[in-house]
Amino acid sequence: MPGSGPKYYPCVLCNKRTKPHERRSINKSVAKYLKKNFLITYKQEDKICNTCRHKYYVQETRQSSVVQHILSDDEEYAPPAKRRSTVLSSPPSVSLSIPSTSKSHSYCFICKKPGPKLIVVPSQARFSAFLKKEVIIPAGCRCCPGHLTEDNFTEDAISKINCTNDNVILNRSSIMDLLKKLRYTALQNEQSRIDFDTDKVLSDSDFINLTGINKDNFNDLHSYIKNTVRNTPTRSTRTSLGIFLFKLKSGISNKVLSTIFNISRSSLRRAISCVRQALVKNFVPENLGFKHISHDDVVNLHTRPLAQTLFGDGTNTQAILVLDGTYMYIQKSGNFHFQRRSYSLHKGRPLVKPMVVVTTTGYFVTVLGPYLADCKNNDAAILKHMFNTNVEDIKEWVQDDDIFVVDRGFRDSLELLDDLGIKAQMPSFLTKGQKQMTTDEANASRLVTKVRWVVESANARIKRWKYLSHVLPNKQVPYIGDYVCIVCGISNKYLPPLSPGCDNEEALAAKMLYLSKRVNTLKQRVEEENLERRKTIWKEPDNHTLDDFPLLDEEDLRNITCGVYQLKLSTSYIQEHLEGNCQILIHKEDEHLIRVKLQSRHVSSKTYILWIEYTSAEITAWYCKCRAGARVVGVCAHIASILWYLGYARHNQDISYGVQNWGAYLEDAASIPQAVDESDSEESVVEE
């Protein structure tokens, strides 16, 4: 900051920066003069400029001239030679129309008695609000002037000064300081097109749109950097923070931000860098990492009852953490070694991988990395690296019987977790040659996905900061980890939890545990009676054929699916069959059993066959030939779509299906008719 360096020597009287040839030390006589006339107590390291020191000697010369005039009556007195008068380059003071105190007698601030006025010039440090102007303070008795110190000049006392005059005397330095401050304010106001300094300019919704957090949260976040990031003539600390958050939220380039904020790109880069470093140093350690939260707080404050019921042992002392790696895409590097190590065969593009650890409510416990993306840095290898290096003292934080909910990419680390006493919950996966999971495997996988989805939503919350969802330049690779940690810390402190839980979670978990132990009776019937090979008569669904199909409301559907994800896909599934080039075909096996053919949403050449058993009052059983269609803990998306359409949507005319087909606005090269070769035409045949 200006004035904070070791070579900054301001004048103790005029506060101007002194150059070496203008700098003077303060002797005892000057110190006595400053104490008597300006109430300034000097320190040993204080300096005075040559101009102020010269004015002191001029004043002393004027006072001594009176003594010389008295001594001149003495015939033996020989007056000294006259000193050459100093000519000032500018007038010592200027009269401005600023109200000041009355010229008449008033009351003393100390003893409250009437008395004459006393002129006091406050120091710059104590009275910066007065711009070092001369203030007339009434002092009523002789004992009070000696007690007038800077401690007496409180804001309450100053507010009681009666301002009756039309002008006040300001010296040249005061005017220059006033003009500098006006220029500083004018520069800031002129160059700020989006003003974060004034609360009245941007509304609370504007702060959310620009920075991702509301106004109060912005003010709180600013408290972490205001003592580290400095103000400049073109941007304040609040503006610097606003620029940083605006860049993360919108992903706009520095060139565009420079135009928006009317700040040079070099100044913009410095602002972003300073704020990033300040937040990583002051904000992130308090809101992210294994050291910022205790094991008990995770168990008591950030664990859903549903997760404890599904995977816990009933003691409510186990920490349940969900782990997954997320992707930050980067540019293709010209360094071939780094290019190979950062290329992901899974995604088919260069990237880096931060490892995200969240609770079952979506609270970020920590973010580690980012790591490289080659085959040596898969999820299992990263988890092993975390424990082998004991990053953030994870071995001391994790306790025996804690639970890690992971995906299939962590399967090679299950042995390590078992040795550490950590229980792993992972979805089942198909073995070689297996086309469908068993009922037990499908049910167990559904229990895991019921809890694990929160880490996918947590990764999506990170990508809502558009800068992190873009392809980042390689020069930003050293700072990707900082950006992700800052975003996760902001999410922890200022954003609501992703999955706070509900009142009936324990009942839902108990229901899912009960269903997970049941077998799929309809699957057994289909296999025993060989229903798939029976002759079928496919028809489109109509009210006459399915007049006995039960009516279902939204609550019934949620009870069957044990969630809402499959129901969200139902509208898109049905839209393709009602508005596209495929149809929903139904064959009635018997009075209460139907077989349905449904188009796959991934592969156009693939269809799924499913069976639904029902009565006039409820759905009793279901089975689908898809990979997870044998489960009874909820249903797959294919069965959910048919239940939603037959039991709910076709009876409600106001239902909207899916989203608009934007492909209607694009050209399709496959729709061009093939040209007919004229040689194949019968008219081209000529008789010989």
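**Reading the model**

Tutor: Start with a network: salt bridges link Arg-525, Glu-529, Arg-534, Asp-590 and Glu-613. A salt bridge is a side-chain nitrogen of Lys or Arg within 4 Å of a carboxyl oxygen of Asp or Glu. Keep in mind that this is a predicted model, where local features need pLDDT of at least 70, side-chain atom pairs count only at pLDDT 80 or more, and totals for chains, interfaces and linings use all residues. Residues are numbered from 1 along each chain as its sequence is written, and side-chain values use heavy atoms, with hydrogens and water left out.

Student: How many salt bridges does the rule give?

Tutor: The count is 15. Glu-529 bridges to Arg-525, with 3.5 Å between the closest N and O atoms.

Student: Are Glu-529 and Arg-525 buried, partly exposed or exposed?

Tutor: First the scale. Buried means under 20% relative accessible area, exposed means over 50%, and partly exposed lies in between (1.4 Å probe, protein chains only). Glu-529 is partly exposed because its relative accessibility is 36%. Arg-525 is partly exposed too, at 23%.

Student: Which residue forms a salt bridge with Lys-625?

Tutor: Glu-532 does, and the closest N and O atoms are 3.4 Å apart. Now place the two ends. Helices (H or I, at least four residues) and strands (E, at least two) are DSSP runs, numbered from the N terminus. Lys-625 sits in the loop between strand S21 (619-624) and helix H25 (637-647), and Glu-532 in the loop between helix H22 (521-528) and H23, so this bridge ties together parts 93 residues apart in sequence. Lys-625 is partly exposed at 35%. Glu-532 is partly exposed at 40%.

Student: What about Lys-291; which partner does it have?

Tutor: Its partner is Asp-393, with the closest N and O atoms 4.0 Å apart. This pair links distant parts of the chain, 102 residues apart. Lys-291 is in the loop between helix H11 (284-287) and helix H12 (295-301). Asp-393 is in the loop between helix H15 (379-388) and helix H16 (394-397). Lys-291 is exposed, since its relative accessible area is 68%. Asp-393 is partly exposed, at 37%.

Student: How many helices and strands are there?

Tutor: The protein has 25 helices and 21 strands. Of its 688 residues, 42% are buried.

Student: Where is Ser-641, and is it buried or exposed?

Tutor: Ser-641 is in helix H25. It is buried, because its relative accessible area is 0%. Now look for its contacts, meaning heavy atoms within 4.5 Å. Setting aside neighbours within four places in sequence, Ser-641 touches Leu-569, Ser-570, Tyr-573 and Ile-574.

Student: Which residue has a positive phi of about 55° although it is not a glycine?

Tutor: Asn-262. Find it in the loop between helix H9 (254-261) and helix H10 (265-282). Asn-262 counts as partly exposed, because its relative accessibility is 34%. Asp-401 is not a glycine either, and its phi is positive, near 70°. Asp-401 is in the loop between H16 and strand S16 (403-405). Asp-401 is partly exposed, at 36%.
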